[in-house]
Amino acid sequence: MNLLKLSASLTAALKAVWSGGSPFATVTALWPVNEEGKYIIQAEGIRLALTNYGASISNLWINDTNGNEVDVVLGLDHADLYPELKSNPFVNGFIGRYAGYISGASYESEGTTHQIWANAHNGTSTYNGGDQGWGRRRWDIPMHTENSITFVMFDRKKNGFPGVFVGCLTHTVTPYTWKIAYGLTPTLASGPINLSQQVFWNLDGMSTNRTNTVEGHTLHLPSAGLRFAFNEHGISTGDLLSNKKGKEYDFWSEARDVGDVIKEDSKLDETFVLSHKHPVNKHDFPAAILSSPKTGITMELYTDQDALKVHTWSEKNGHLNLKKAQGNGTVPHNGAISLEMSEWPDSVNRPEWRYRKTLVNSEDIPTAFSTYKFKVNKKS
């Protein structure tokens, strides 16, 4: 980059900060995209395509048991189509500042009730950070290499949340592994935070001659002996329910066919408590294991967060066309399953949960990680 370009970039960055934007806005334009307007990172056995709209995962390719490359996530054919989506987040977007519902669209801190903008339940709740939540905003990209990409979000009191929160999200791929590291720096004021990554999976790839739902996928949640109770609006009641062995939501004692639960309730939509072992072992013991016998692909999820929302694609997610390589038509009911790690739902309004209040102070720098490891059964 010559001196003139560098000077122009610095000037543009200063203008962006002054006007309430991000200093990385001009840097983002420097990174190359493919013909679909997406950013690519890759390593042996794995390739991801992402867009800075919602920091969304658009494609994830894995070679199946026959050596054929399979795109195992939902998404759109071109990055420019994402702003047209009505969903919150954009499909497979990063969720913030607060995943799930904040009941009453308010929370209490140090004896003061703070009101934030409502976008759910007739103006009485805030969902996934509000209408301008992180999963529906455009992120900047300060760094992009062959196997890694970093997204940055400068949130200046959007949706009524206090203070200036700077979110940082880094995706890195190594052989057959995808790692996500995320954190934030709050300034000026404390506030609630609960971050999550949505990814809708179909390990069969929804291709021709393969099933187009996740019935037949097996799911194992080794540490999920409990789940959260919710009211009719999907807001946590504060109670925990037992997933007794052999009963409907027993995914902990052994792997189960997702279709078995779907047949009983027509869909799967539950949030499970993750009872981790000692924190040093969170890299060694998976929170979830999803497998497809058809493609031979197994995905293991590791995370240090303490809740996992498991839900299959349904009509409430809206209308979504399949990507061209995945076939014709739209995503069917139960066509994919999302495993969204987070903190306990609406814990900012659950003082009885004590230290799970998810309020961060301006001197805090909270971080979290998630790792996906892929295995493929090779044909002999």
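## Basis of the description

Two strands are taken as paired if DSSP finds at least two bridges between them, and strands themselves are DSSP runs of E, at least two residues long, numbered from the N terminus. In that sense Val-152 stands opposite Cys-168 in strand S12.

The model is predicted, so local features need pLDDT of at least 70 and side-chain atom pairs count only at pLDDT 80 or more, whereas totals for chains, interfaces and linings use all residues. Residues are numbered from 1 along each chain as its sequence is written, and side-chain values use heavy atoms, with hydrogens and water left out.

## The nine-stranded sheet

An open sheet of 9 strands runs in the order S10-S11-S12-S13-S27-S23-S22-S17-S20, and its pairing is antiparallel. Strand S10 (140-144) and strand S20 (256-257) form the edges; each has a single partner strand, so one side of each is left without a neighbour in the sheet.

Within this order, strand S11 (residues 148-156) and strand S12 (residues 164-174) run antiparallel and are joined by 9 bridges.

Strands S18 and S19 are antiparallel, with 4 bridges between them, and Phe-228 has Leu-240 in S19 as its bridge partner. The hairpin that these two strands make has 5 residues between the strands, and there Gly-234 takes a positive phi near 85 degrees.

S18 also pairs with S21 in the antiparallel sense, over 2 bridges, and in this pairing Arg-227 stands opposite Phe-272.

## The largest pocket

A pocket here is an open set of points, on a 1 Å grid over the protein atoms alone, where a 1.4 Å probe fits and which has protein on both sides within 12 Å along at least five of seven lines; lining residues have an atom within 4 Å of a point. Grid points are joined across faces, edges and corners, and a volume is the space filled by probe spheres set on the points. The largest pocket has a volume of about 960 Å³, and of the 43 residues that line this pocket, Tyr-127, Asn-128, Lys-309, His-311 and Lys-316 are the closest to its centre.

The elements that give two or more residues to this lining are strand S18 (226-230), strand S19 (236-242), strand S21 (269-273), strand S24 (307-312) and strand S25 (337-342), and the largest share, 4 residues, comes from S18. By residue class the lining divides into 16 nonpolar, 17 polar and 10 charged, where Ala, Val, Leu, Ile, Met, Phe, Trp, Tyr, Cys and Pro count as nonpolar, Asp, Glu, Lys and Arg as charged, and the others, Gly among them, as polar.

## The second largest pocket

The second largest pocket has a volume of about 260 Å³; of the 15 residues lining this pocket, the closest to its centre are Ile-193, Glu-343, Val-360, Pro-366 and Thr-367. Strand S13 (177-187), strand S26 (359-360) and strand S27 (367-376) each give two or more residues to the lining, with S13 giving the most, 3 residues. The lining residues divide into 8 nonpolar, 5 polar and 2 charged.

## Two buried loop residues

Leu-74 lies in the loop between strand S4 (69-71) and strand S5 (94-95) and is buried, with a relative accessible area of 1% (buried means under 20%, exposed over 50%, partly exposed in between, with a 1.4 Å probe and protein chains only). Leaving aside neighbours within four places in sequence, the residues in contact with Leu-74 include Ile-57, Ser-58, Phe-200, Met-206 and Trp-313, contact meaning heavy atoms within 4.5 Å.

Thr-213, in the loop between strand S16 (200-201) and strand S17 (218-220), is likewise buried, with a relative accessible area of 12%. A polar atom of the Thr-213 side chain lies 3.2 Å from the backbone nitrogen of Glu-215.

Conventions. A polar contact is a pair of N or O atoms within 3.5 Å; within protein, one must be able to donate a hydrogen and the other to accept it, and residues adjacent in sequence count only if both atoms are side-chain atoms.
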